[in-house]
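User: I am new to this structure and would like to be guided through it. Please take the questions one at a time.

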Amino acid sequence: MGALTPLVLEAVRFGYGSERVLDGLSLRVEAGEGVALLGANGAGKTTLTRLAMALRHPQQGRVVTCGRLTAGKKPEDFADVAGYLFQNPEAQLFARTVRAEVAFGPERMGWHPPRVMEAVDRVLGELGLASDAARHPYDLPGPTRRLVALAAALVGSPRLLILDEPTAGLDRGARVRVAEVVLALRAQGAAVLAVTHDLGFAAEVLDRAVVLEGKRVTRDAPLSDLLGHHPDFPAPPLLDLARRLGLEGVRPAIGTLAPLLTSPPETGTLQA
Amino acid sequence: MSALEMQGVGFTYPGESAPALVQCTVHAESGAVTWLTGALGAGTSTALLVAAGLAPRHTGGQRSGQVRTLGLDPAGHSSPGSLGGRVALVLSSPATQLSGIAETVAQEVAFAPANLGWPRERIHEGVARALAILGIPHLAGRDPGTLSGGEMQRTVIAAMLVLEPELWLLDEPTSALDAAGRALMHALLRTEAARGAAVLIASEDTDGVAAVADRLIVFEAGRPVLDGRPDDLLRGDPVWNAGAASTTIAALGRAAGIRAPRALTVDEGVAQWAR
Amino acid sequence: MTAAPGSFAARAHPFTPLVVTLCIAVVAIALPGPAAVLYLYAATLILVVLTGTGRAALRALVPLAPLWFFLVLLHGVLGDGEQTTVLGVALSRNGLTLAATQAARLGAIATASLALYTSFSPARFVDAVAERGWPFSMSYLVVATLLALPRFRARAASILEAQRSRGLRLRGSPLNRARAIGPITFPLLLGALAEVDERGFALETRAASGVTRRTALAPPPDTRMDRLTRWAAVAAAGSAVAWRVLG
Amino acid sequence: MNARLLALLPAAIAINLVVGGLVNALGLPLYLDSIGTILATVLAGPAVGMLAGAIGQLLFGLINGYQWIPFGIIQVVIALLASVAAAQGGFRSMGRTVAWGLLTGLVAGALSSVISYVLFKGVTATGTTAVVTLLRQLGWSLPAAVTASSLALDLADKAVAFAVVGALVRSLPGRMMGRFPRAVRAVGR
């Protein structure tokens, strides 16, 4: 399974009613890739992610998620290989505790209780939620609640992680944790497909930009080629700074830039 | 007289043991933009609700201390009373702030003035003006429920602007806005202050503070611990020690071991490191 | 909620279709016998077509079809008394009469109410109530709920999607399905309750509570034709009831 | 009417009208069209619950035909019974909750059979009618068949509706519970 391409869309056509949203769209996402799905409102970004999760099925063409053709299959048939963070995480929270909420998915997949426990504890630890494990999700502040939903998408160690606006409404601390977790998942070979307006987050954790326009992919390029070189996609502050300091190619995150910029301003030398 | 005077205010939500505000003293002046920031749960949101009188009138719970909003105790005045239409409140999730009965953006913006019984002509003029200021006259006929997050946020702000409030209370009002929307919002806050309104904004996104706010108040554990010019506070260490955050570039500087005062913007950052 | 543009239903004062459809329901229940009720159903069909809400007559067939089917089955096929043969099936004569009366009665009521729904304009209704100086909370609750329904339906759909994406199976033994009730209903209920605070804050800040006199933004004109229509409908309903009670 | 109720009521009513469709996805023969009424009653008292139930039925009638409006009486009765249940601590445990649900189902079923017999000659929602038809074929009299089938379905439906609300309210987070003092009494916390 590890060798399978996480996501392949071939000549996909899809519409709601008479309104066509995607037409002749092809896209391939390889293991370990981080793809930012960009484009105007209504360009079909969320629709594309739904096709990947078998929440919708193409009217023409085919979608293969982690080696499985989605045609004739349901989203629950992909729960073991793909994780999906919905734009509105409140749409799924129901359990009495954070732990039970996150354990719901693995339990549905029939994992043995010790394995469930271990996976839940691991992901809660990674997201800094360990101390909230016994609390009710709705007793947590909104941003933390969104992290619970993310934990639920991550707990099954998906080969394909789909994120719809993962940082909307998050505070800075939570954002840093999400970035770290997503990068770690990619390092293990999982592909990440994110719809996001947060270009700073995208620049930190993703490296490929796919722009949707007029029902298909109009641009597919390294993210850094797009940011700051297109009026719709200005360079976020850290990327802007890194470029102007000649640190082209360094991941524009505080964690990676800071060690390169440790010299005190008095000395004026750059230990790059 | 200040537009808002909170003196030694304590507040505890019902069903919670820990207080959300403790001995909280805040004064906000008309004609100025006052920015509140702090870690998650530091009390800035609660302070705004107390200022609006919604806590405890709406939330229940226990309040202590003195609060004067536009000279009145807000807990004693329901909205159609003397504070109705004089105080604007904008929260972070625009979808929950729609009236629920408007089929168009124009109706949405007209909701509050109509409730207050304004004459029709004044409502129509006010709506047109508010939509123009927020840059959304083209949305006037759209169904508010189908707007994007950013468009909805602008609509919600227009729906408050139409009242020409004397006091603005904004809690993370730019969460769904892109860079352009944020810039427009910041300019609007300055205009409102220039008109003579008192503007209080609570946000942990401090990247835009220095350009917008006259004053920065940093909350920690339910009370203000720092109060000063944003430019001074954000460059130093105390803001971090209070659990709050400065700008992204200042955060990078701090992580890189740069000593205060630190650069706040990209331009300053380039100067700081490229010297 | 859209009547044909320019039609009577689109122009009429919001209270006119409301009164007329209520009166049709009263007449339908009051009228005895199959003939009178069938005439009423026919008249209702003509009325909705003439007023520009003809679609309602067709849409009403969706809830009506199963009702009609079971009426014929229950009273015609399974009814007691004298039998008659229609298309080779033995049917109860009394039962058929009963079924036809009831079918036409339901037909008139369903068609009239769906016509009202078709012509219902939330904004005009709010304005009409505001102009009369009636309580704003009344029109608010009706309209806010109607407009909230699509939002809640969309949310219900996304709850199913989210839980299925986590591996929830909707099929299986009845026990398994019963266990899934919590995971699919709780998110809707919790989400709704979690919003109550913020919605309340916004409504109060926007002066929606204790409205004393709301301004009608575009008050719908109440014409002589509207008033005549309403009085005629009330008179018809009164006569039908009188006929039933006295006759 | 205060702003909190203006915010709560449309949600409760919409829940009445939408949850049934959601549970339909499971293919269970339940309407669950009273969850919003019961929830509003437990959280905010019988008056609010009755208002939610009554307005909900009016709107259901507007959308699906006025013939359903008379069943609104049942919604009002459900709100009353739910408020008695709440006052008696009837939501304290799953067992008690289901018992109150069954009692409510008994009353609701009886009422609904009377209404459907008088107004609709035994024909109502399709689920019930199918059972009525079956019982008639087995030789039951029409009133008996209508009553029995209404009861059976209503017992199950109200028991589940009460169980859902009870389980929800018992598990409500402290922060939300604090906003609804009545709910605290209902579950005896």
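User: Into which domains is chain C divided, and how many Å separate their centres?

Analyst: This is a predicted model, in which local features need pLDDT of at least 70 and side-chain atom pairs count only at pLDDT 80 or more, while totals for chains, interfaces and linings use all residues. Residues are numbered from 1 along each chain as its sequence is written, and chains are lettered from A and ligands numbered from 1 in the order in which they are written. Chain C has domain 1 (8–125 + 220–246) and domain 2 (134–205), with bounds from an automatic or database domain assignment. Taken over C-alpha atoms, the centres of these two domains of chain C are separated by 33 Å.

User: Which strands are at the edges of the open sheet of chain B?

Analyst: The open sheet has 6 strands with mixed pairing, in the order β5-β6-β7-β3-β8-β9 (chain B). Strands are DSSP runs of E, at least two residues, and helices are runs of H or I, at least four residues, numbered from the N terminus; two strands pair if DSSP finds at least two bridges between them. Pairing on one side only marks the edge strands of chain B, β5 (87–90) and β9 (223–228).

User: Which element gives the most to the side of chain C that touches chain D?

Analyst: Contact here joins 55 residues of chain C with 49 residues of chain D, counted where C-beta atoms, placed from the backbone, lie within 7 Å. Elements giving two or more residues to this side of chain C include α8 (136–165) and α10 (181–205) of chain C. With 16 residues, the element that gives the most is α10(C).

Key:
Contact = placed C-beta atoms within 7 Å.
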